[in-house]
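Visitor: Hello! I am new to protein structures and would like to learn how to read one. Could you guide me?

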Amino acid sequence: MYHGEKVPGFPYHPHRGFETVTVVLEGIVDHFDSLGAKGRYGQGDVQWMSAGSGALHSEMFPVVSQTTDNPTELFQIWLNLPSKGKKTSPNYKMLWNEKIPLITETDKNGNKYEIKLIAGKYGTIESLDPLPNSWAFDRSHHVGIWIIKLSPNAELTIPSVSPTLNRMLYNIEGAGIQVDNEAVDFYHCAQLSGSENILVKNGNTDSLLLLLEGEPINEPVVAYGPFVMNSRQEIQQAINDFKSTEFGGWPWDSPEPVNKLGDGRFASYNHGEKIETP
């Protein structure tokens with residue numbers, strides 16, 4: 001769904017009460033927000049943003065090449081914040097592709113698989129830290145986000161974690177995927193037990209899977225559009241606050257801003273006070 005009038009993407013819009021984890025498989029995203037931050041990321045990068053008490057941001061898909069196609073493929077995962085974190089200051093950090101752990105192993109038959117560890121743990125390897133106020137920051141919450149690439153006929157065992165774990169495996173791109181001997185079709189997902197070892201078998205083509213897991217927060221959830229809170233009263237308060245404050249307002253000259261054509265990947269915070277690159 002493309003909502004920009006001049007550039008495809010998502011012009012400025014509000015969020016409160018949860019986090020967005022934007023995983024870019026292909027293409028480039030331009031980020032701008034009400035905190036005076038902006039950036040350009042993609043080609044495997046991940047942006048971890050906490051809306052907290054409220055923020056405006058935009059995600060646009062710029063034209064970065066005038067001579068070739070500009071395909072973009074991404075996931076945006078919404079991760080709830082516990083009630084004590086919903087009023088924290090908004091913030092974000094970049095997990096640059098080059099720094100995200102990538103585990104490459106072979107199964108008993110010599111077939112290769114890869115795990116891109118965006119959040120969580122695999123064996124003794126841990127992911128980069130998310131934002132401090134995130135539910136995922138406490139490792140005992142077992143929040144896991146994996147991108148799994150399976151070579152033809154590869155097998156992978158997803159290890160047992162806990163009986164209370166919520167766990168889902170989504171088939172992004174693959175034919176012949178079997179999860180404990182049950183087929184999971186392309187663009188379908190499987191709800192998995194968190195207390196069992198789960199055997200995943202690939203078919204005869206390369207496959208790409210997304211694993212999401214974590215312990216439940218065990219609090220009421222009330223969602224309305226871009227707001228995720230604990231009660232209807234808090235949702236109404238979020239709407240009222242946005243109408244009266246616009247969560248700090250929009251400091252940019254366009255509702256769908258983009259960076260310069262030749263800009264590389266970067267993140268700029270607080271109106272350029274801090275700038276980082278991969």
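**Reading a pocket and a helix**

Guide: Gladly! Keep in mind that this is a predicted model. Let us begin with the largest pocket: strand β7 supplies the largest share of its lining, four residues.

Visitor: How do the lining residues divide into nonpolar, polar and charged?

Guide: The lining has 11 nonpolar, six polar and four charged residues.

Visitor: Now the helix, please. How many residues does α1 have?

Guide: Helix α1 spans residues 232-245, which makes 14 residues. From first C-alpha to last it reaches 20 Å, close to the 20 Å expected at 1.5 Å a residue.

Visitor: Which residues of α1 are buried?

Guide: Here is the general idea: an α-helix has 3.6 residues a turn, so residues three or four places apart point the same way. In α1, the buried residues are Ile235, Ala238, Ile239 and Asp241. Viewed down the axis of α1, they fall within an arc of 165 degrees, so they line one face of the helix. What covers them includes β21 (222-224) and β22 (227-229).

Visitor: And which residues are exposed on the other side of α1?

Guide: Gln233, Lys243 and Ser244 are exposed there.

Key
Residues numbered from 1 in each chain as written. Predicted model: local features only at pLDDT ≥ 70, side-chain atom pairs only at ≥ 80, totals over all residues. Heavy atoms only, no water. Helix = DSSP H or I, 4+ residues; strand = E, 2+ residues; numbered from the N terminus. Expected span 1.5 Å × (residues − 1). Buried < 20%, exposed > 50% of the residue type's maximum accessible area, 1.4 Å probe, protein only. Arc of directions from axis to C-beta. Contact = heavy atoms within 4.5 Å. Nonpolar A, V, L, I, M, F, W, Y, C, P; charged D, E, K, R; others polar.
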